[in-house]
Amino acid sequence: MDNDLILLGHGSGGRLSHQLLDELIIPTLSGIPASGQNDAAILEHDGRRLAFTTDSYVVDPIFFPGGNIGDLAINGTVNDLAMVGAQPVAVSVGLIMEEGFSRSELAEILRSMRQAADRAGIVIAAGDTKVVPRGKADRIFINTSGIGFFRHGLEIGGANARVGDKILINGTIGDHGIAVMAKREGLALETDILSDCAPLNGLVEGLLEEGAAIHVLRDPTRGGVATTLKEIAIQSDVTVTLDEASLPMKGAVRGVCAVLGLDPLYVANEGKVLVFAAPEAAERVLERMKGHPFGRDAAIIGEVTDGIGGKVRMETLVGGMRAVEMLSGEQLPRIC
Amino acid sequence: MNRSLLDEFRDRELVRGLAELIARLVEGRDRPLSFMEVCGTHTMSIYQFGIRSLLPPGVRLISGPGCPVCVTPVGYVDRSVAYARQPETIVATFGDMLRVPGSTSSLMQERARGADIRIVYSPLDALALADKNREKRIIFLGVGFETTAPTIAGTILSAAERDIDNFFVLAAHKTIPVPMRILSDDPELAIDGYLCPAHVSAIIGAEAYRFLAEEQRVPCVVTGFEPTDILQGVAMLVRQVVEGRSTVENQYRRFVSPEGNRKAKELLSRVFVPSDAVWRGLGMIPGSGLDIAPAFARYDAEKSVPVEVEAPQEPDGCLCGEVLKGKITPFDCPLFGTTCTPEQPVGACMVSSEGSCAAAYKYGQ
């Protein structure tokens, strides 16, 4: 087999992506060990801490139920900053367009970006525009980078999960991936599922009132809840135990997944956060989530238990027990 | 999809009750009972819901050759790779075939190199591709059991009706009852009963297994996919063994009739003829395949689209064959999880979403 080829799976956010990062990208670019990987980097300068992150968006189709590539690009970067506990301040926008792309569609995307930025309370501070010949890109790709500041000294990150922590999520899983999937050509599916694409910085700010009880925040985007929990279990060297019956899920998402043979645990979300919180604070965290518009269907879905490090297991709906692994290969390419 | 209906078949109390019933039935037996499932969807469901963890030690579930992609010989993959390299050719396939390793390449690698390979959800989508791209050849990879074969038969008939002459099927369809006879003859496996497939049986009917129960004396229960279905199927098998009976019972009556789907069977007999087929792991099994009938030979890629194919090489050390026969579990293969992973699969069982090794890797023990 030819190992020189970059495959779609290398961009899936799952195991192949991790391999490429660990074997090639990180060692070549910076050498920072993989265990330090979080949604955003934290830089220290003159005693101030700054969060910095970047993300590229290639979703297909660019307009989908519940959003478009524009608000997705703003919310995604806002969320990456929020996941390290930072308050997002500003983002930059890089547009790469294919010759012949529609000016009116671009206008609509830009309006969505502006609205999303206003909603998140951030500014779009810098940008760049490139156009490539027809056929050399697919309509429009967007890169956003963002910075955020810290109002607190809390240590939040994937390596901070502790035995006893409760695991919470702010609502139903799989909505974004299924909304995009159902819109794709070739699938005659009619659903009313909307993407959950949303800025989570407001919700996270409320949770941070709980102070040191919040240990981990991470948004389960590509690779879904399963892959994200596996990452955290590895980074923190703990066992995560999930309770399938408590996972919030829309009936329509469950139905589409059953028909297409997809596992909702691996389907992307764009407005969800997984929270690891100290057990004594878990109920309060849950109440805070439920009191926020983006957290009404919040639930406690599992806990960190004693056991082998890096393992995720799940008590199934019917009471059986099984392991949960990372997404491997591509489940749905170009989902964000 | 009705959520409450699905939930009924996943009811925790019902499941616990069935598991307890099975435990009571096998109590005091001196050797564990081995039941084989021969349907990839059963294999996945058993892993996905952790069914084995609910069963008493006196019952063993063995996964048989129920994954159509997994039993497809490596030469077939090589031929599809060869087609993908041809100019003006689109290979259309169900997604699972993409990552199956051939002798030296896979369709996924060919796609990354620029081959035009499309994932379709139905053979009719492949026919639509052919209609839209009349200047190109569309090679559809027809892999599957009796469940997928009728839709492909229907598509070939539709191509004939609409006179679409750039649509071809590379057919490797297989039928499941014959290999079940061979496996039940194997003293090493000592199968005590079959969980007969659900979808396949909806087409061929529960009566198709009668010879196994009567001639081979193997209890058979046609079983659905949901956790309560599977446990009820196991309980029915245990009861047959305990009572010394071997007959065909139908747990999945909500979809499977004794005689099956007459229309689908007619389609099969119009477009396909029984043939000998090579199964990965099991070898050549007479009468276990379906070839495209001579009247439709113009749609048969193997007959109508010549291509040079490399000599097939089975991967070194791969024990897919033993896994497919149920002789070892995926965990017993020395390559499992080390050199053979879903990212870099050595054998097809690690690739297909219905493969035993893929299920074992994803869902653990």
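**Entry 1: the sheet of chain A**

I started with strand 5 (residues 87-98) of chain A, which pairs with strand 6 of chain A in the parallel sense over nine bridges. Here, strands pair if DSSP finds at least two bridges between them. Helices (H or I, at least four residues) and strands (E, at least two) are DSSP runs, numbered from the N terminus. I then looked up A:V93 and found A:G127, in strand 6 of chain A, as its bridge partner.

Before going on, I noted that this is a predicted model, in which local features need pLDDT of at least 70 and side-chain atom pairs count only at pLDDT 80 or more, while totals for chains, interfaces and linings use all residues. Residues are numbered from 1 along each chain as its sequence is written, and chains are lettered from A and ligands numbered from 1 in the order in which they are written.

Next I asked: what is the strand order of the open sheet of five strands in chain A? I read 1-2-7-5-6, with mixed pairing. Strand 1 (41-45) and strand 6 (123-132) of chain A are the edge strands, each pairing on one side only. On average, neighbouring strands of this sheet are turned by 20° against each other, direction ignored. For such angles, axes are lines fitted to C-alpha atoms, for helices over the stretch in contact, and angles run from 0 to 180 degrees between N-to-C directions.

I also found helix 3 (residues 103-120) of chain A lying across strand 5, strand 6 and strand 7 (140-149) of chain A. Helix 3 of chain A runs at about 160° to strand 6 of chain A. Contact is defined as C-beta atoms, placed from the backbone, lying within 7 Å.

**Entry 2: two domains in chain A**

Chain A is divided into domain 1 (39-149) and domain 2 (166-323); domain bounds come from an automatic or database domain assignment. I noted 23 Å between the C-alpha centres of domain 1 and domain 2 of chain A. Their contact takes 21 residues from domain 1 of chain A and 20 residues from domain 2 of chain A.

Which elements give two or more residues to the side of domain 1 of chain A that touches domain 2 of chain A? I found helix 2 (69-82), strand 5 and helix 3 of chain A. Helix 2 of chain A gives the largest share of that side, seven residues. By class, this side of domain 1 has eleven nonpolar, seven polar and three charged residues. Ala, Val, Leu, Ile, Met, Phe, Trp, Tyr, Cys and Pro count as nonpolar, Asp, Glu, Lys and Arg as charged, and the others, Gly among them, as polar.

**Entry 3: two backbone details**

I checked A:D60 and A:P61 and found a cis peptide bond joining them, with omega about 5°. A:P61 is in the loop between strand 2 (48-57) and strand 3 (63-64) of chain A. In chain B, B:E88 has a phi near 55°, a positive value in a residue other than glycine. B:E88 is in the loop between helix 4 (74-84) and strand 3 (89-93) of chain B. For background, most residues other than glycine have a negative phi, and most peptide bonds are trans.

**Entry 4: the sheet of chain B**

I read the order 2-1-7-8-9 for an open sheet of five strands in chain B, with parallel pairing. Its edge strands are strand 2 (59-63) and strand 9 (248-250) of chain B. Strand 7 (residues 193-196) and strand 8 (residues 220-222) of chain B run parallel and are joined by three bridges. B:L195 stands opposite B:V221 in strand 8 of chain B.

**Entry 5: helix 2 of chain B**

Helix 2 of chain B and helix 11 (residues 227-242) of chain B have axes that come within 9 Å and cross at roughly 20°. That makes helix 2 of chain B roughly parallel to helix 11 of chain B, as angles under 35 degrees count as roughly parallel, over 145 as roughly antiparallel, 65 to 115 as roughly perpendicular and the rest as oblique. The residues of this helix contact divide into 14 nonpolar, two polar and one charged.

Last, I turned to the contact between the chains, which takes 28 residues from chain B and 28 residues from chain A. Helix 2 (12-26), helix 5 (107-112) and helix 15 (356-363) of chain B each give two or more residues to the chain B side. That side divides into 14 nonpolar, five polar and nine charged residues.

Note on methods:
Two residues are in contact if their C-beta atoms, placed from the backbone, lie within 7 Å.
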